[in-house]
Amino acid sequence: MNKGKVRFGLKWKVALLLALLLIAVVVVLSTLVLAGIREDQRVRLEQTFAQEAEAANLRIHQELLTNPQTQPDDFMENVGQRLAVDLGTQSGMPVTLYKIDGTFTGTSLPFQPKMDVQDALAHTAQGRSAYITEGDQLLYLAPLRNMEQPIGTIQFHASLAEQHAFYDRIQTMFIVTGLAVLAAGFLIGFLYVWRQVHVISRLNQAAQRIGEGVYLREPTVKRNDELGELAQGIYEMSGRISLSVNQLTEEKQKLLDAIDRLRELEQQQKQFIGNISHELKTPLTSILAYADLLEMYRDDPALLEEARGQISQEAQRLYRLVEKALQLSSMDIYEFETHAEHVNLMPILQEAAARLEAKAEQSGITLRSSLSEGKVWADPENLMHMILNLLDNAIKYNRPGGTVTLSNEVDRDPQGNDRMVIKVSDTGIGIPDEARERIFDPFYTVSSDRSRVHGGTGLGLSLVRNLAEKQRGYVEVAESSPNGSTFVVTLPMERRQSQEVHSVEESSDWE
């Protein structure tokens with residue numbers, strides 16, 4: 001609330017609206033009921049007058065039967081006074097009779113009525129009834145007939161005082177009752193609205209606390225209505241916001257960690273560039289040295305043969321280094337398509353093992369296979385590249401006389417989908433625990449000395465991971481110890497999503 005400013009809150013607005021509705025309902029109902037009572041009184045009075053007029057016509061008809069030759073005016077002149085008294089006694093109301101021309105013939109009153117009834121007599125002469133009201137007095141005039149022949153007019157005198165008094169009592173009762181109902185209804189409604197507004201205020205406070213970062217541990221209000229549902233919704237929203245904030249905090253930390261990793265990778269890249277520059281300089285120096293020797297000792301056949309072999313060996317080494325550098329560049333620049341399909345896995349694994357069988361024998365390594373039939377959803381070339389990289393690493397970083405085992409089996413993921421698990425196990429030097437999380441990072445090498453000996457650039461396993469993910473699979477180090485390591489590639493056996501175009505380039509380097 002602003003200082004110095006009165007707040008016209010929701011409870012007062014709803015209370016005012018409730019009061020206006022109650023007043024409108026009471027007024028409308030009272031008006032309709034009172035109008036109904038007045039209409040009922042009028043209808044009943046009309047029915048009473050109509051019945052009395054019919055009884056009067058019947059009496060006059062009986063009188064005329066005893067004097068059939070008498071003219072209407074003569075009949076009314078002779079018996080009008082007596083009939084007025086008799087009809088007044090019969091009806092219980094004062095009666096006055098008139099001729100057809102409106103001439104007074106008799107009355108049951110002790111005096112002749114002084115009220116002007118000429119206009120009403122003109123209506124009765126036309127065969128219609130008429131009313132005349134003056135204060136609490138009512139005159140009802142109806143035509144008198146004998147066999148559809150008009151013979152005069154009968155006038156009944158009635159007092160409306162009792163009906164007016166009844167109407168006034170009913171009206172007073174409605175006013176008093178309406179005021180009582182209005183007061184009670186307003187009080188009950190105000191208390192109910194105040195309670196609901198109090199609940200809404202609690203919900204508002206809960207929302208403000210959520211905005212300030214104080215999240216709810218339980219619903220603010222527990223009710224079995226819409227406000228209870230709103231409170232439950234605010235509580236669930238609080239939980240979702242809390243979860244989102246925690247996730248954002250975690251993502252922020254991950255971003256900070258990623259920045260640190262990027263800086264580290266940048267440093268590793270600089271180190272890699274320095275290493276490869278050094279490696280490029282070494283074979284070039286050797287080639288230039290032998291070129292100088294050839295220039296100096298052209299007639300020495302032994303020197304020529306030695307120089308030729310050394311220059312060829314260093315040139316091949318230089319070529320491999322240049323190829324690795326171009327490979328590193330192409331991974332970031334070029335995109336190569338991946339064409340996934342249902343592939344028979346065993347022939348590809350057998351071919352990969354056959355390709356590296358000679359290299360394994362040269363290194364004194366035994367290459368074993370334990371394969372089973374099965375199909376995977378993958379690109380055959382990418383699949384071959386992954387297996388060759390893993391087998392090549394297992395051979396290069398193995399011990400003399402060691403073994404490399406290639407196997408596969410069908411497994412099932414937590415969602416119940418079949419998947420193919422390919423394992424490459426070796427009895428080599430193993431991977432330190434601190435390096436297992438980073439072994440698949442680009443440019444990362446476990447041992448820079450051994451990588452230099454084998455010509456490694458720290459790129460191969462990164463490409464293997466990238467290719468596995470492109471096939472909707474993944475690669476991981478399942479086991480690692482000083483006695484060897486086991487790499488596992490998991491691939492789907494069925495197509496799950498549309499395959500994409502991916503960036504790949506072959507490499508056979510341990511990262």
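I count two strands as paired if DSSP finds at least two bridges between them. The model is predicted.

**Entry 1: the antiparallel sheet**

I started with the sheet that contains E1. I read its strand order as E2-E1-E5-E4-E3, an open sheet of 5 strands with antiparallel pairing. Which strands stand at the edges? I find E2 (104-107) and E3 (130-134) there, each with a single partner strand, so one side of each has no neighbour in the sheet. From one strand to the next, the twist averages 20 degrees.

Next I checked one pairing in detail. E1, residues 95-98, pairs with E2 in the antiparallel sense over 3 bridges. I looked up Tyr98 and found Phe104 in E2 as its bridge partner.

I then asked which helix lies across E1, E3, E4 and E5. H3, residues 118-125, does so, and I note an angle of about 30 degrees to E4 (137-146).

**Entry 2: the mixed sheet**

I moved on to the sheet with E12. I read the order E7-E9-E10-E12-E11, open, with 5 strands and mixed pairing. E7 (366-370) and E11 (474-481) are the edge strands, each pairing on one side only.

I followed E11 into E12. The two strands form a hairpin, with 2 residues between them. E11 runs antiparallel to E12 (residues 484-492), and 7 bridges join them. I picked out two positions: Glu479 stands opposite Thr486 in E12, and Ser480 stands opposite Ser485.

Which helices pack on this sheet? H7 touches E7, E9 (403-412) and E10 (418-426), and its direction makes about 165 degrees with that of E9. H11, residues 460-470, touches E11 and E12, at about 135 degrees to the direction of E11.

**Entry 3: strand E12**

I wanted the other pairing of this strand too. E10 and E12 run antiparallel and are joined by 7 bridges. There I find Val421 opposite Thr490.

Is E12 enclosed or open? I find 9 of its 9 residues buried, so the strand is largely enclosed by the rest of the structure. In a regular strand, side chains alternate between the two faces of the sheet. I sorted this strand by direction. Gly484, Thr486, Val488, Thr490 and Pro492 point one way, while Ser485, Phe487, Val489 and Leu491 point the other way, and all are buried.

**Entry 4: helix H9 and its contacts**

I took H7 first. The axes of H7 (residues 345-355) and H9 (residues 380-396) come within 10 Å and cross at roughly 40 degrees. I therefore log H7 and H9 as oblique to each other. Their crossing is right-handed. On the H7 side I list Leu345, Ile348, Leu349, Glu351, Ala352, Ala353 and Arg355, which meet Pro380, Leu383, Met384, Ile387, Leu388 and Leu391 of H9. By class I log 11 nonpolar, no polar and 2 charged residues in the contact of H7 with H9.

Then I turned to H11. The axes of H9 and H11 come within 10 Å, crossing at roughly 145 degrees. This crossing is left-handed. From H9, I list Asn382, His385, Met386, Asn389, Leu390 and Asn393; from H11, Gly460, Leu461, Leu463, Val464, Leu467 and Ala468. What is the class make-up of this contact? I log 7 nonpolar, 5 polar and no charged residues for H9 with H11.

Definitions and conventions:
Residues numbered from 1 in each chain as written. Predicted model: local features only at pLDDT ≥ 70, side-chain atom pairs only at ≥ 80, totals over all residues. Heavy atoms only, no water. Helix = DSSP H or I, 4+ residues; strand = E, 2+ residues; numbered from the N terminus. Axes fitted to C-alpha atoms, helices over the stretch in contact; angles between N-to-C directions. Contact = heavy atoms within 4.5 Å. Parallel < 35°, antiparallel > 145°, perpendicular 65-115°, else oblique. Left-handed = near helix turned anticlockwise from the far one by under 90°. Nonpolar A, V, L, I, M, F, W, Y, C, P; charged D, E, K, R; others polar. Buried < 20%, exposed > 50% of the residue type's maximum accessible area, 1.4 Å probe, protein only.
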